[in-house]
Amino acid sequence: MKKTLLFASMMLLLSVSVQATELRLNLNNPDVRKCLLEASESEGWELKALYQNANEQLVYVFEKGNEKRTYTSL
């Protein structure tokens, strides 16, 4: 039973991490930015870029190994 539950939770975690490559968040809120930075750091993601795009939206780019995640403000 424990092995089945562990396997199912690992598969769910893997499927979530593979699908999420570009997300939109309210990055104008300082609490959201702080949580994003803390959570990403704790999971081993490194902040590679932070900029404001042509639409004046904040963009955070994180990398972990060969994976890249981009977060754009609403």
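Trainee: Where do I start: which elements does the protein have, from the N terminus on?

Mentor: Begin with the order of helices and strands. In this predicted model, the elements run α-β-α-β-β-β, which comes to two helices and four strands.

Trainee: How do I read burial and surface for the whole chain, and what share of the residues is buried?

Mentor: Burial is read from relative accessible area, with under 20% counting as buried. Here buried residues make up 20% of the 74 residues. The protein exposes about 5800 Å², and carbon and sulfur atoms supply 57% of that area.

Trainee: And what share of the contacts joins residues at least 24 apart?

Mentor: Taking contacts between residues at least 6 apart in sequence, 39% join residues at least 24 apart.

Trainee: What should I look at around the ends of helix 2?

Mentor: At the start, check for a side chain reaching to a backbone nitrogen: a side-chain oxygen of N29 comes to within 2.8 Å of the backbone nitrogen of D31. After the helix, check phi: G44 follows helix 2 and has a positive phi, near 90 degrees.

Trainee: Within helix 2, is S40 buried or exposed?

Mentor: S40, found in helix 2, has a relative accessible area of 5%, so S40 is buried. Leaving out residues up to four places away in sequence, S40 touches W45 and F62.

Trainee: Which loop holds Q57, and what does Q57 touch?

Mentor: Q57 sits in the loop between strand 2 (46-52) and strand 3 (58-64). Beyond residues up to four places away in sequence, Q57 touches R24, Y51, Q52, T72, S73 and L74. With S73 there is also a polar contact to find: the backbone oxygen of S73 lies 3.3 Å from a polar atom of the Q57 side chain.

Technical notes: Residues numbered from 1 in each chain as written. Predicted model: local features only at pLDDT ≥ 70, side-chain atom pairs only at ≥ 80, totals over all residues. Heavy atoms only, no water. Polar contact = N/O pair within 3.5 Å; in protein donor to acceptor, adjacent residues only side chain to side chain. Contact = heavy atoms within 4.5 Å. Buried < 20%, exposed > 50% of the residue type's maximum accessible area, 1.4 Å probe, protein only. Areas by Shrake-Rupley, 256 points an atom, 1.4 Å probe, with all protein chains shown as cover.
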